[in-house]
Structure formats: C-alpha cells, structure tokens
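Trainee: I have a model open on my screen and would like to work through it with you. Could we go step by step?

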Amino acid sequence: MSTVDQDTGEVSARASLVNDPKVRGLFYQVLLIAVLVFVGWSIVSNTIDNLARQNIASGFGFLGNTAGFGIIQALVPYAETSSYGQALVVGFFNTLLVAVIGIVFATVLGFVVGIARLSNNWVISRLAYAYVELIRNIPLLLQIFFWYFAVLRAVPDKRDRWSFLFDTVHLNIAGLWLPRPELEPGSSAVGVALLVGVAAAIAMRIWARRRQEATGKQFPVILTALGLIVGLPLVVFLAAGMPLHLSHPVFVEEGPILRRGFTLGSGMNLIPELLALTLALSIYTASFIAEIVRAGIQAVSHGQTEAAHALGLRNGQTLRLVVIPQAMRVIIPPLTSQFLNLTKNSSLAVAVAFPDLVSVGGIVLNQTGQAIEIIAIWMIVYLSLSLATSAFMNWYNRRMALVER
C-alpha cells in the first residue's frame, strides 16, 4: 500500500511540474532568449562576412578621414578639408536648428489656430477650420516641394531682389537676406544682464505664485518679467554705449553682370532650403497642434468658464487664467508626440538638399561605403533627440498635473 502511494506521489509531482505555469513561463522565456541570441549572432556573422568579401573595414575610424565636399550651411566651423566626423556634426546642428525653430513656430501657430477654431466670430472659426482641413490632409513632402519649387523659386534671381521693411529685409532666389548683428567690446555685459534678468524673472514667478496661493493677491508677473528680461539688458546696453551694430547685406547693382547681386559674407543669409523646410514643417505640424488645443479646451467643463465670469473675469482672463491651465493637462501628452514627429520629419530635408544629418550622412555613406556605421549614427542621434524631448515634456507634464490637497 505504501509503495503504491509513493508511485502515485512521484507521478503527481512530475505532472504538476509540467503543468506548472511558472515552469512553462520560464521555459518559454529561456527559449525566446536562445532564439534571439541565435538570430543576432547570425546577423552579425553574415554582416562581417559580407563586409570582408567587399573589402570594407568596419568601425568608426573613417570619421577622421578628410571629407572633401562642401556644405552650404554650417553653424560650426567647417571646410572641405575637414573630416567626415566634423561634417556629421554640421549635419547634426542643422537638424537641431530646424527642429527647434519648427517646434517654436508650430506651437505658437497651432495655439492661435486652435483658439481661433472656438471663436464666436464665424469668419475666424471657418478660416481656422479650412486651414486645419487643408494642411493636414496634404502630404508633408508635397508641402516642402510647394514652398521650395513653387514659392521660393518664383522670386527674383541673384541679380535682383524684393525688399521689405524699409529696405532692410530682402528676398531673392539665394534666400532671405537680413542685417547681421555685430558685437563690439562691452557687449558681454549685456549678455550677463540678460541672464540675470531671466533668472530674476523665474524667481519672481515662483514668489508670485506662492504669494497668490497664500494670500489670493495677484502680482503683475508678465509686465515685471518683461521689465527684467527686456528692460534690464536695454538699460545696460545704453549705459555701455550701445556696443552693437548691424551689418546690412551689400547689393551690387552696377558693373560686370557676374559681380552683381548680394556680396557674399555681408549681412545674414537664410538659404531657401532652410526656409522651405522650416515653413513646411511648422505649418504642417501646427494644423495637428491646433486640433489638440481645441480638444483640450473643450475638455474643460463649461461650468469653469461660467464660474470665472461670475467672479468678474473678462474673456481673455478666463482663457488665460482658468481654461488654458486646465486644458494643458490634456494638451501636453499629444503635443509631445507632435514635437517628436516634427523632429523626425525634418529628415525629409534630403528632398530639397538641405544639409541635415541624413543628407550629410548620405554623402558620407556614398563616399566611404560605411552603411552600418552611418545608419547606426542616424538611429542613435534621432533616438537621443526623441528621448530628450520626451523627458523634458514628461517633466513639464508632471509640473502641470493636478495636485490633490
């Protein structure tokens, strides 16, 4: 009897081991890891064999070799004798420039259009509605082509110009020409005053919020901040003898025809590729942000608006002090996605030959054949930009979150 019971217990133990969910889960996880390791090893092994057959050296040693090609726009020093690594740095900063400018303009335009969609004025709301429906339903690449080929290619050639704002801003096929600020000795004091003004404005904003929470009294934050950020540097600028002058672009109208036009190095030139890409990205992304803003405002209960009016707040104050702060909790998460989309969509710059990271990396790839390394650099850079944007927006979202008392 005891032998039978022992056999029955061993069979039961084996059966329970096979049917144990934890054991099955562990088995499948180990099996999945083994498959992933095998697939990864196969990919790496095949890649190394293919590179060896094509006599292509792996690694990032090629970044130190001379690039030998020029770049039409560089925010950091660069020449044809610079290395491939420096060329990629130029492309990275150009990508960053387009992303930052595009996010700023798209956010401002998107908020304006989103609020206009809810306007009681029928014409304004219909215009905002038409803008959103027209822009967001046209592919971004077509909009880049429109701005570059249909608009910026229809302006005067290099020996002519269109002038605006009292002959200080000019436009021709070479781009937008603006006065360039030239710093003089003593201008560093203005920069220090600006930093001090920004820090003082932030401290004042924190103090004003705590004061309002404690006493209910409001403080003129906006006017005081403008005084600190604009007024303080202006006073220092005047006291230092105005250590800044504008270098206007020089336009040659007479002489040999090949020498007519704007003189290179004079003034500040924004190339048409940058203008077309920035305009298309900003206007396209703003149409999506406008809908996010509209949805966020409509998510706030109408009773909040009525309560604000009952307290005597005007429409502008109600929108700025009551509706927008509550709507931001709904707006920020999808707004983060639009910022990420704009940054990644900047890679379409290659369509108009703007030297962003993808465009410059493509030239380096064609010259060196280092496809794996270049693609790895692209992926790392865009992943880092996206993670940094997400981290900042998540921090801002936590700051705007509703705090339970």
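Mentor: Happy to. Let us start with a definition: a residue is called buried under 20% relative accessible area, exposed over 50%, and partly exposed in between. Keep in mind that this is a predicted model.

Trainee: Thanks. Is Val358 buried or exposed?


Mentor: Val358 sits in helix H11, which covers residues 357–368. Its relative accessibility is 18%. The cut-off for that class is under 20%, so Val358 counts as buried.

Trainee: How far apart in space are Val358 and Ile374, C-alpha to C-alpha?

Mentor: Along the sequence, 16 residues separate Val358 and Ile374. In space, the C-alpha to C-alpha distance between Val358 and Ile374 is 9.1 Å.

Trainee: Now the strands. In which sense do S1 and S2 pair?

Mentor: Strand S1 takes in residues 162–164, and strand S2 takes in residues 169–172. Phe164 has Val169 in S2 as its bridge partner. Over three bridges, the pairing of S1 and S2 is antiparallel.

Trainee: Are the residues on the two faces of S2 buried or exposed?

Mentor: One side of S2 carries Val169 and Leu171, and the other carries His170 and Asn172. Both faces of the strand are covered. For Val169, Leu171, His170 and Asn172, the class is buried.

Trainee: Let us turn to charges. How many salt bridges does the structure hold?

Mentor: Side chains of opposite charge can pair when their charged atoms come close. One of the pairs here is Glu133 with Arg136, at 3.2 Å from N to O. Glu133 is partly exposed at 27% relative accessibility, and Arg136 is partly exposed at 29%. The number of salt bridges in the structure is five.

Trainee: What is the N to O distance between Arg180 and Glu182?

Mentor: Arg180 has a relative accessible area of 28%, so it is partly exposed. Glu182 is partly exposed too, with 24%. The side chains of Arg180 and Glu182 meet in a salt bridge, with an N to O distance of 2.9 Å.

Trainee: Which residues are linked with Glu291 in a network of salt bridges?

Mentor: Glu291 is buried, with a relative accessibility of 14%. Glu291 and Arg294 lie three residues apart in helix H8 (residues 272–298), about one turn of the helix. The closest N and O atoms of their salt bridge are 3.0 Å apart. The residues linked with Glu291 in the network are Arg117 and Arg294.

Trainee: One last topic: which residues gather in a patch of positive charge on the surface?

Mentor: Take Arg260, in the loop between strand S6 (251–252) and strand S7 (261–262). Arg260 has a relative accessible area of 35%, so it is partly exposed. A patch takes residues with over 30% relative accessible area and no salt bridge. The patch of positive charge consists of Arg153, Lys158, Arg159 and Arg260.

Methods: Residues numbered from 1 in each chain as written. Predicted model: local features only at pLDDT ≥ 70, side-chain atom pairs only at ≥ 80, totals over all residues. Heavy atoms only, no water. Buried < 20%, exposed > 50% of the residue type's maximum accessible area, 1.4 Å probe, protein only. Helix = DSSP H or I, 4+ residues; strand = E, 2+ residues; numbered from the N terminus. Pairing = 2+ DSSP bridges. Patch = residues over 30% accessible without salt bridge, like charges linked within 9 Å, V, L, I, M, F, W, Y side chains within 5 Å. Areas by Shrake-Rupley, 256 points an atom, 1.4 Å probe, with all protein chains shown as cover. Salt bridge = Lys/Arg side-chain N within 4 Å of Asp/Glu carboxyl O. Lys, Arg positive; Asp, Glu negative; His and termini not counted. Charge placed at Lys NZ, Arg CZ, Asp CG, Glu CD.
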